[in-house]
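Me: Could you take one part of this model and walk me through it closely? Keep the cut-offs in, please.

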Amino acid sequence: MLELSVNLGERSYPIYIAQNNLTDSPNLSNILAGRKVVIVSNETIAPIYLDKFTSQLPSHDFLACIIPDGEQFKSLEYFEFINRFLLEHNCGRDTCLIALGGGVIGDLTGFVAACYQRGIDFIQVPTTLLSQVDSSVGGKTAVNHPLGKNMIGAFYQPKAVYIDNNTLNTLPSREFAAGIAEVIKYGLIYDVDFFKYIEDNVAEIKAHNSEQLSQIIYRCCEIKAEIVAQDEKEAGLRALLNLGHTFGHAIEAEMGYGNWLHGEAVATGMVLASQLAYLRGKLSEVELKRIVNLITEFELPVSAPSSMSCTDFVKHMVKDKKNKQGVIRFIIPSKFGGCELVDDVTQQELEELFKLHAN
């Protein structure tokens, strides 16, 4: 069992990482004591893991709210669907929601928890690599809108995060690779030694070595917890966690949510951000190649959709949540293993970037 904490004063919470967390979740019975429990999951995850998770709740009644599987369902429609479910079952403020699934389920459930009766407790039980290393930690909750990804949401922290990396054994290879994109991101923004560790262990990671995955998940959560503890609501430092996301969210919105997985879009976004850093003299050609090569090793895309022009990217990026006073702000590597937020990227630089990227 690996354990760490997100330190936010009275809103601090633990993250537990173990291979049996689905059936033996530490302190869960104490958190749920005297509460109504509603588990939110999807049509793919529930048949595999719902019974396993609830087997540790023999004396506790629970309700299961099941939605379709896919990024397109992280929407206001399904936000309303879950709220209606809670109302129909007379759920009060003593209700605790449990998000059993990937990032879509976690983000959607957390946003419902933030809003229902002005806030109820929720727990994250992430079942994908991407949600385990990133989206389940830090309290970002949201739904997508046709005009922008994660544009409607709230900062709202869970009571606990239970990570069982055995769930990765049933994860499709494409979904696993999408999670690795976020793992690589942590190396680029914060820890060059961690980046090298991933480079040196590609085969073992792709083989789902359980001990290595536990350590990788722990390190990603540790980095995110450190950053969130310093900047919970993304006033500055936390924005660095968005490396690749400015470009990536534009790809997702333009191509239709779910057609590109979030991690796939972030992978290409990291390449674009790194190429912009290269054009600005922040990265050497050798460093840029290392980044592209590692992303490629995990069969992740490194090229933007051929149908997307610079104009297509900009029309989405002007809506990015990091922007101030209408100025697009980008996260780019300031060095290998460190990033910075810049707000002086010109249209000419962007056009030069997309010419480089196309070649």
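**A loop residue, then some helices**

Reply: Let's start with Glu71, which sits in the loop between β4 (62-67) and α3 (76-88); helices (H or I, at least four residues) and strands (E, at least two) are DSSP runs, numbered from the N terminus. This is a predicted model, where local features need pLDDT of at least 70, side-chain atom pairs count only at pLDDT 80 or more, and totals for chains, interfaces and linings use all residues. Residues are numbered from 1 along each chain as its sequence is written, and side-chain values use heavy atoms, leaving out hydrogens and water.

Glu71 has a relative accessible area of 14%, so it counts as buried (under 20% relative accessible area, 1.4 Å probe, protein chains only). Skipping neighbours within four places in sequence, Glu71 is in contact (heavy atoms within 4.5 Å) with Val104, Asn144, Lys149, Glu252, Tyr257 and Gly258.

Now for helix α9 (residues 210-230): its 21 residues should span 30 Å at 1.5 Å a residue, the expected span being 1.5 Å times one less than the number of residues. The end C-alpha atoms of α9 are 30 Å apart, which agrees. At the start of α9, a side-chain oxygen of Asn209 comes to within 3.2 Å of the backbone nitrogen of Glu211. The buried residues of α9 include Leu213, Ile216, Cys220 and Lys224.

Terms used
Buried < 20%, exposed > 50% of the residue type's maximum accessible area, 1.4 Å probe, protein only. Polar contact = N/O pair within 3.5 Å; in protein donor to acceptor, adjacent residues only side chain to side chain.
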